[in-house]
Amino acid sequence: MTAAVLSALLGTALVACGNGQDTAPTGPDTPPALADYRLAIAAHDGSVSHWAVVDPLSDAAALDLPGAADPPSSARSVAVRVDTATRSATRLGDRLLVYVAQEQLYLIDLLGSAQPTPQRIGAADRLCTLSALVPLRADGGVAALAVTQRPAGAGDCSGPLDTLLLRTDSAASEPGLNLGGARLLAGLPAADLSVGALLLSRPGTGGAGESLQLRDATLAALPDLALGTAPAGATARFLGLDPSAPGLGYAAVGRQVRALRWSGPSVTVDATAVQALAGDAPVAQGAADGVYLVDDGAVHRLAGGVSTLLGRIDARTGPPYDLARTFRSVHLTDTHVLVDSRASGLATTGSYVANLDEVHALPRSGGTPQALLSAITTDFIPRVNALTTLGSTGQRLLVAQSSCGSLGCARQLYDVDPQAGTATLGPLVAGVLQAASAPIGTTAPVTRRLVCPVDCRIDLQEQRASDGGAAVSLGPLGEQQVIGWLAGIEGLPLGFSAGSLTTDASGRSDAWLLRPGVAGSLRRLTQHLP
């Protein structure tokens with residue numbers, strides 16, 4: 001959820017889907033007012049994608065900026081205010097929108113009252129996908145970017161691609177730094193969230209797996225880390241900052257968790273691995289007492305460079321549970337660790353295809369995991385049932401179950417209470433709002449939920465996340481439905497895209513705007529659909 005927010009607080013690269021000469025400066029002492037940040041919202045008229053750019057606190061019409069023939073690949077650089085005394089960050093707004101259009105890279109600066117105009121970044125062309133963005137300072141005004149590029153002579157982006165590394169302030173003549181198949185993983189921030197070093201993967205050679213490489217904020221190469229040779233097939237990834245110790249984070253490389261320690265562009269790695277890995281896709285979440293890691297069902301807490309095993313989610317036996325399982329995310333309440341997983345494949349009994357989504361919980365102090373919620377889909381029942389975790393309120397986990405059939409989808413809210421061991425069914429849900437502030441390295445709690453007590457066509461409501469109280473009627477969506485999930489920040493305007501309730505092969509969508517806590521503030525900005 002809210003990837004832009006989380007990347008700013010965690011230091012990890014935001015995955016979307018010419019080089020500066022100076023070390024990136026820190027953000028301004030006095031940040032701009034919230035009203036100074038515009039919103040850029042995607043919409044599609046059936047043939048061309050658009051960005052609707054709007055001042056969220058005025059009634060002025062949105063500025064319509066055409067994008068590419070297909071929906072562009074995009075990411076946002078988030079502005080935050082840092083409190084170094086409490087080591088916390090407060091979300092202010094999206095400072096930069098960066099996107100690929102017509103195989104080139106563009107930027108829109110969303111700060112200020114002037115009419116924003118797309119600006120091209122660098123001189124690179126044949127670009128495919130913006131794969132990662134790392135803000136280099138707290139105000140979000142400069143960011144490092146990784147974008148994929150098809151080789152010269154390749155007709156499309158379906159084959160092997162190169163990775164280009166640029167900054168948002170790259171000169172118009174800058175072609176980008178070609179890193180082959182490397183990936184931008186994270187920025188390693190100082191206390192004020194200025195980034196001194198960038199962490200990237202290093203493609204293996206001679207059959208070896210991925211390792212790690214470093215570059216400073218100007219994109220210049222830094223000395224290599226002493227990591228040894230990674231086994232074949234190993235994928236490098238950044239697991240997160242350790243909030244319990246400044247300048248400490250963890251990376252998975254070569255089937256091991258390694259502790260990284262840094263000060264500015266100086267980065268070292270502990271000689272001894274923190275934890276051996278059994279699986280290829282560990283997932284993690286930061287908290288005040290460390291980083292919670294799930295690796296092939298084993299739940300660990302990493303703190304101060306030491307790993308503690310808390311429990312293990314064992315594979316369940318018998319159909320339909322005898323399927324390959326992927327652990328998708330980790331969430332935390334004040335007392336429990338909650339783990340979201342999906343098992344999928346061909347069931348051994350009955351020979352049918354199945355997906356099984358589950359949410360497990362175990363105490364943060366350690367213990368036996370308990371399955372609290374599940375949903376199953378099979379190929380002989382014409383209905384898809386899937387779980388999506390929306391976030392933690394601090395005491396409970398909010399989960400949406402999408403039940404989709406021939407007549408559309410119903411998305412119901414479940415309130416999962418790990419202490420009571422219950423999952424309570426609630427209203428139709430459209431998304432959530434998080435708190436604006438959180439300790440650096442952690443995820444802000446969900447404070448409000450966006451629901452439809454009867455029907456979103458009639459009324460979209462904002463409610464208190466903990467109990468559904470203090471409801472505010474935002475307005476009706478009419479004959480449109482939210483695309484994806486609403487993911488916003490309490491107190492900050494929220495823009496989103498909505499499409500037709502009925503089948504619309506044209507792919508048209510409209511841009512919408514709402515102001516949390518303001519009754520009747522839901523507003524349609526474009527008119528691409530009837």
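## Basis

The model is predicted: local features need pLDDT of at least 70, side-chain atom pairs count only at pLDDT 80 or more, and totals for chains, interfaces and linings use all residues. Residues are numbered from 1 along each chain as its sequence is written, and side-chain values use heavy atoms, leaving out hydrogens and water.

Helices (H or I, at least four residues) and strands (E, at least two) are DSSP runs, numbered from the N terminus. Buried means under 20% relative accessible area, exposed over 50%, and partly exposed in between, with a 1.4 Å probe and protein chains only. A salt bridge is a side-chain nitrogen of Lys or Arg within 4 Å of a carboxyl oxygen of Asp or Glu.

## Arg215: buried without a salt bridge

Arg215 sits in strand E14 (residues 211–216). Arg215 is buried, yet has no salt bridge. The nearest side chain of opposite charge belongs to Asp216, 7.3 Å away. For charge, Lys and Arg count as positive, Asp and Glu as negative; His and the chain ends are not counted.

What does the side chain of Arg215 reach at 2.9 Å? The backbone oxygen of Leu219. Arg215 also touches other residues (heavy atoms within 4.5 Å). Not counting residues up to four places away in sequence, these include Leu165, Leu177, Leu179, Gly196 and Ala197. Leu198, Leu200, Ala220, Ala221 and Leu222 are also among them.

## Arg328 and Asp357

The whole structure holds 22 salt bridges. One pairs Arg328 with Asp357, with the closest N and O atoms 3.6 Å apart. This pair links distant parts of the chain. Arg328 is in strand E24 (residues 324–332), Asp357 is in strand E26 (residues 353–363), and the two are 29 residues apart.

Arg328 is partly exposed, at 30% relative accessible area. Asp357 is buried, at 1%. A network of salt bridges links Arg328, Asp340, Arg342 and Asp357.

## Arg457 and Glu479

Arg457 and Glu479 form a salt bridge through their side chains, at 3.9 Å from N to O. Arg457 lies in the loop between strand E33 (446–452) and strand E34 (460–464), and Glu479 in the loop between strand E35 (472–475) and strand E36 (480–482), so the pair ties together parts that are 22 residues apart in sequence. Arg457 is partly exposed at 38% relative accessibility. Glu479 is exposed, with a relative accessible area of 53%.

## Arg261 and Asp270

Asp270 and Arg261 form a salt bridge, and their closest N and O atoms are 2.9 Å apart. Arg261 is partly exposed, at 32% relative accessibility.

Conventions:
Polar contact = N/O pair within 3.5 Å; in protein donor to acceptor, adjacent residues only side chain to side chain.
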